[in-house]
Amino acid sequence: MQILEGRLFFETAAREIKEITREVAAWVEKGGVGKGVLTLFLPHTSASLLIQENVSPQVKEDLLSFLCRLVPEEERLYRHNEEGADDMPAHLKSALTQVQLAIPVSSGRMRLGTWQGIFLLEHRAQPHRRVLDLTLIGE
Amino acid sequence: MQILEGRLFFETAAREIKEITREVAAWVEKGGVGKGVLTLFLPHTSASLLIQENVSPQVKEDLLSFLCRLVPEEERLYRHNEEGADDMPAHLKSALTQVQLAIPVSSGRMRLGTWQGIFLLEHRAQPHRRVLDLTLIGE
Amino acid sequence: MQILEGRLFFETAAREIKEITREVAAWVEKGGVGKGVLTLFLPHTSASLLIQENVSPQVKEDLLSFLCRLVPEEERLYRHNEEGADDMPAHLKSALTQVQLAIPVSSGRMRLGTWQGIFLLEHRAQPHRRVLDLTLIGE
């Protein structure tokens, strides 16, 4: 049994839903751990992680517009406004999705479903450099 | 320390909230691991997992109608429509709940609360055969 | 490799968003595990866990009012009413956030981001005594 730790960096565009499956898969496969559990953790409060269908680009557009309807950027709704009208909605979108995910690893690879991809959701209206911490416990 | 891997299959009805606590508990207890962490993972994008109160059947009905109000099946709202009017809402309902759960195991059993059950949520309007991957790391 | 198990108790006020970062961090640091993954689990169905920005107190107020808009306490919307008008909305708010979190541990500490705190969300309209189960797998 062993523990591997890693960190990946991603440059996001404004309000981007960025697929990161390939980068995470490469990290796992390089690690050489046959089976175990991978924990992904995003040390941010206005970006989040999501496992979702990764085939149709329209799914990403629909997800983005749904989140904007669900958490509207109307300043009168929020008291925390000093960092911009997109800031508090970004915190709320993060709260409704995830900053952490646990994914099983088998035969040296993530056991994702055929249509599943891992996405990094940038909820701010500006590009950011985001950090992803990876921990793999396995053997 | 050891890692147990398993897979369970569930037949769902249309828009079903199906309790799966008993099947998961049986798998854990058969494994003979005293303490550790169980990771449940659903390799699907239009079904999800949820830990919720498992006593009143009305809670399931209310949860279902709440999710349908929150993510309405109105075709004009979504661009991704080719797989049916229920498909994109199903992805969004999955995104707002979970496809993965981490549950502590102690004295050979899941440490669920008295009123907690594990549910598999079928968000599609047709029955499906769903896969649940289980990974238990413990000793 | 080892597994540490623990339990913490928190007294919540009505509809409180209570920061618990310090108590969890103290438990982790006392454990003396250098690296691994911490699993937090709340054995309740009307309270939840959330990682969120912990600097501005207005973020907590905005989160609370957002959740109340998203899941209104209107009796006509729910069939499960016998435990009070706040009960079913509390279940739904729990379903949309988390009862479990996985957090990486490195150099003996949780690897939280600079602005991240861990919060216990009390969704009921009365104070409660809440239990938090902690499991740390690491070395």
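Predicted model: local features only at pLDDT ≥ 70, side-chain atom pairs only at ≥ 80, totals over all residues.
The superposition is by least squares on the C-alpha atoms of residues with pLDDT of at least 70 in both copies.

Residues are numbered from 1 along each chain as its sequence is written, and chains are lettered from A and ligands numbered from 1 in the order in which they are written.

Now bring in chain C. Chain A superposes on chain C by a rotation of 120° with 0.0 Å of shift along the axis, again with an RMSD of 0.0 Å. That is the relation of a three-fold axis.

**Chain A alone**

Hide the other chains. Chain A holds three helices and eight strands, where helices (H or I, at least four residues) and strands (E, at least two) are DSSP runs numbered from the N terminus. Along the sequence they follow the pattern β-β-α-β-β-α-α-β-β-β-β. The C-alpha atoms of chain A fill a box of roughly 50 × 30 × 20 Å along the principal axes.

Colour by burial. Of the 139 residues in chain A, 47% are buried, that is, have 20 or more other C-beta atoms within 10 Å of their own, with C-beta atoms placed from the backbone (12 or fewer is exposed, in between is partly exposed). For a contact, the C-beta atoms of two residues, placed from the backbone, lie within 7 Å. Among contacts in chain A with a separation of 6 or more, 84% join residues 24 or more positions apart.

**The five-stranded sheet**

Select S1, S8, S3, S5 and S6 of chain A: in that order they form an open sheet with antiparallel pairing. Strands pair if DSSP finds at least two bridges between them. At the edges are S1(A) and S6(A) (109-110), each pairing on one side only. Zoom in on S5(A) and S6(A), which pair in the antiparallel sense over two bridges. Here Ser106(A) stands opposite Arg109(A) in S6(A).

**The side facing chain B**

Show chain B again. In this contact, 30 residues of chain A meet 22 residues of chain B. S3, S4 (47-53), H2 (57-70), S5 and S8 of chain A each supply at least two residues of that side of chain A. Which element gives the largest share of the side of chain A that touches chain B? H2(A) does, with six residues. By class, this side of chain A has 15 nonpolar, nine polar and six charged residues; Ala, Val, Leu, Ile, Met, Phe, Trp, Tyr, Cys and Pro count as nonpolar, Asp, Glu, Lys and Arg as charged, and the others, Gly among them, as polar.

Only 13% of the interface residues of chain A are also interface residues in chain B, so the copies meet through different surfaces.

**The side facing chain C**

The contact takes 22 residues from chain A and 30 from chain C. On chain A, S1 (2-12), S3 (36-41), H3 (87-96), S5 (100-106) and S8 (128-138) each supply at least two residues of the side that touches chain C. H3(A) gives the largest share of that side, five residues. The side of chain A that touches chain C has 12 nonpolar, seven polar and three charged residues.
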